[in-house]
Amino acid sequence: MGRKNILAPSILAADFNHLGDEIDAVTQAGAEYLHIDVMDGMFVPSISFGMPVISSIRRGRGCFFDVHLMVEQPERYIETFASCGADGITVHQEATRHLHRTIQEIRGHGLKAGVALNPSTPLSVLDYVLEDLDMVLIMTVNPGFGGQKYIPQMTEKVRTLRARAEALGLDLDIEVDGGVNDKTIHTVLGAGANVCVAGSAVFGGDRAANVHKYLEIMEKYPVYE
Ligand code: DX5
Ligand code: ZN
């Protein structure tokens, strides 16, 4: 099974007053992943939502729940998020002391394991865990809020990571998160990212039309095998 290009709408930018309809609008339009940003007010300044919301939106939905934990000591919550219905859990390297163990725990629950890196965190922190990962999330803004501007230096980071993964023969997903729009999506796909998170770009305006637009762009980029 090779990698594919995947769109992951971030529900952080959805209208929570109609959350179920917002999710159905983007998944019915063809988005395979739902990107779910959990913020604890400690690792990042803001607080978003947590377990009860995830369990509730899980019911009756088959799309992939891509849970991005912006939480201090995320190892405290792996089991809980697994039972809430996460399909993949991504933790921040900066937030967990025993990263290797945390990754093993995510995998131990049968979930896809991801590690996120803040913009200033070097790729080298992943040197000894890269082969244990399903995905690396390169933050292309500082985590904590939607609607920020893409940080241009992150393009090189994505390119370098893809080259490393290829050199090691790894089937690694590279996700980018923050400031992805109809301009920057070309940049990140060209650099080797294959999972694109988009919050305001999908949930601003016509949801279905936005999803179709991004899926069409993504189809044109080759998947790195
Ligand atoms: C930021 C979150 C993102 C956010 C992206 O900390 O991790 O997932 O929703 O929002 P946009 O796409 O609007 O930059
Ligand atoms: Zn995110």
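Trainee: Which helix and strands each supply at least two residues of the lining of the largest pocket?

Mentor: This is a predicted model, in which local features need pLDDT of at least 70, side-chain atom pairs count only at pLDDT 80 or more, and totals for chains, interfaces and linings use all residues. Residues are numbered from 1 along each chain as its sequence is written, chains are lettered from A and ligands numbered from 1 in the order in which they are written, and side-chain values use heavy atoms, leaving out hydrogens and water. On a 1 Å grid over the protein atoms alone, a pocket is an open set of points with protein on both sides within 12 Å along at least five of seven lines, and lining residues have an atom within 4 Å of a point. Taking helices (at least four residues) and strands (at least two) as DSSP runs, the contributors are helix H7 (200–203), S2, S3 and S8.

Trainee: Which residues that line the largest pocket are the closest to its centre?

Mentor: The pocket holds about 370 Å³ of space. Of its 29 lining residues, the closest to the centre are Gly146, Gly147, Gln148, Gly178 and Gly179.

Trainee: How much of the accessible area of ligand 1 does the protein cover?

Mentor: Start with the polar contacts (pairs of N or O atoms within 3.5 Å). Oxygen atoms of ligand 1 lie 2.7 Å from a polar side-chain atom of Asp37, 2.7 Å from a side-chain N or O atom of Asp177 and 2.8 Å from a polar backbone atom of Gly179. Of the 380 Å² that ligand 1 has on its own (Shrake-Rupley method, 1.4 Å probe), the protein covers 99%.

Trainee: What is the volume of the largest cavity?

Mentor: In a cavity a 1.4 Å probe fits but cannot get out, and the whole structure has 1 of 30 Å³ or more. Its lining includes Tyr33, Phe64, Asp66 and Lys112, while S3, S4 (88–92) and S5 (112–117) each give two or more lining residues. Filling the points with probe spheres gives a volume of about 70 Å³.

Conventions
Polar contact = N/O pair within 3.5 Å; in protein donor to acceptor, adjacent residues only side chain to side chain.
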